Amino acid sequence: MKPPPPLNYIRSFESSARHLSFTAAANELGYTQAAVSTHVRALEHYIGRQLFIRYPRSLKLTEMGEAFLPTLRQALDQIDQATEAIVTSSRNRTVVVSCPMSLAENWLAGCMAAFRKKHPEIEIVLHGTIWEDISEQIADITISTRRFDDRPPAGIPLWNDELLLLCAPSLLEGEHAVKVPADILKVDWIFVHGRQEYWQVVATALGVDMDEHDKGLSTNASNIALELAAMGAGLVATQRSLAHAYLRRGLLVEPFPVRPPSPWNYYLTESQLSKGNIARIVREWILSRAREDGA
């Protein structure tokens, strides 16, 4: 697993794409033209695809660049909005909680809604992240997802997560129903970028050889993968902590009762600059709800 690209590479690409000029992007960002060009080339090398067609005096986005740009703009907008909210808000009674988007939508939103009913005097800014950038920490409390061999030094695990194999109820019915583990080789598998390891763990637990499977869908977001599965597009291997809402509503079911330990888990850390007792109240609430939910 290689680390995500530095944020300045992303900003240099987005500005260059908006202006179709490295020079104009450099003027906007306060870099040299050579630095912006280097950032973009490094990003292209990272993803293994060309993002611009370079002409002597102008740029043109490639198809990959066109496809890549909207997601990055959304991510940068979220970072800018969260930063603005933090700068302009009253800091004395405001706690900023940063959390991966998937967990924020599937678990933390409910946790924080219940907190506000109990503590209406404390304002919460919930910042959903698409990727983690530790060098630009803006939150009082951060929840991050890490592999077991890369846990944050001061991180408190929310729970010991497990992996679930899930599908829509319709895949358990009919002529081509998934009834025994070998049947999963006959339907699409849904992969999440950076989490392909989940399928290796689940397949091993089921005694199924991954090399015999060649059909699949992939996405960069766990929630998209869960929605695809709920639509009957195939099977998904995901963390138990993300699956509660779908299981509770009957949108997804477990075809087999196999729950191997997840190599990735969620960890809570508190900023050294956070606001003492106010942040501790929020932290203890989150940890208490995590223990109660047994997620």
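**Before you start**

The model is predicted, so local features are given at pLDDT of at least 70 and side-chain atom pairs only at pLDDT 80 or more, while totals for chains, interfaces and linings use all residues. Residues are numbered from 1 along each chain as its sequence is written, and side-chain values use heavy atoms, with hydrogens and water left out.

**Stop 1: residues 5–62**

Select residues 5–62. UniProt lists this span as "domain: HTH lysR-type", in an unreviewed entry; such annotations may be inferred rather than shown by experiment, and the positions are in the numbering used here, with feature names shortened. The span is 62% helix and 10% strand, and its end C-alpha atoms lie 20 Å apart. Helices (H or I, at least four residues) and strands (E, at least two) are DSSP runs, numbered from the N terminus.

Now show the side chains of R18 and E28. They form a salt bridge, with the closest N and O atoms 2.8 Å apart. The term stands for a side-chain nitrogen of Lys or Arg within 4 Å of a carboxyl oxygen of Asp or Glu. R18 belongs to helix α1 (residues 7–19) and E28 to helix α2 (residues 22–29), so the pair links parts of the chain 10 residues apart. Are these two residues buried or exposed? R18 is partly exposed at 40% relative accessibility, and E28 is partly exposed at 39%. Here buried means under 20% relative accessible area, exposed over 50%, and partly exposed in between (1.4 Å probe, protein chains only).

Next, pick E44 and R54, another salt bridge, whose closest N and O atoms are 2.9 Å apart. E44 sits in helix α3 (residues 33–47) and R54 in strand β1 (residues 52–54), 10 residues apart. E44 is buried, with a relative accessible area of 9%, whereas R54 is partly exposed at 25%.

**Stop 2: a cluster of rings**

Select F13, F22, F52 and F68. Ring pairs link these four into a cluster. Rings of Phe, Tyr and Trp (its six-membered ring) pair if their centres lie within 6.5 Å; planes under 30 degrees apart count as stacked, over 60 as edge-to-face and the rest as tilted. By this rule there are nine aromatic pairs.

**Stop 3: strand β3**

Go to S98, in strand β3 (residues 94–100). S98 is buried, with a relative accessible area of 7%. Which residues does S98 contact, leaving aside its neighbours within four places in sequence? They are H127, T129, A139, I141, T142 and I143, where contact means heavy atoms within 4.5 Å.

**Stop 4: helix α6**

Select residues 197–206, which make up helix α6; its buried residues are Y198, W199, V202, A203 and L206. Look down the axis of α6: these buried residues fall within an arc of 120°, so they line one face of the helix. The arc is that of the directions from the helix axis to the C-beta atoms. What covers them includes β7 (163–166), β8 (189–192), β10 (235–239) and β11 (264–270). Just after α6, G207 takes a positive phi of about 75°.

Stay here and show W189 with W199. Their rings are stacked, 4.2 Å centre to centre with 5° between the planes. W189 lies in strand β8 and W199 in helix α6, so the pair ties together parts 10 residues apart in sequence. W189 is buried at 1% relative accessibility, and W199 is buried with a relative accessible area of 1%.

**Stop 5: charges over rings**

Show R195 and W264. R195 lies over the face of W264, 3.6 Å from the ring centre. A charge sits over a ring if NZ of Lys or CZ of Arg is within 6 Å of the ring centre and within 35 degrees of the ring normal. Likewise, R249 lies over the face of Y246, at 5.8 Å from the ring centre.

**Last stop: E162 and R259**

Finally, select E162 and R259, whose side chains meet in a salt bridge (4.0 Å, N to O). E162 is in the loop between β6 (156–157) and β7, and R259 in the loop between α8 (240–248) and β11, 97 residues apart. E162 is partly exposed at 23% relative accessibility, and R259 is partly exposed at 38%. A search of the whole structure finds 13 salt bridges.
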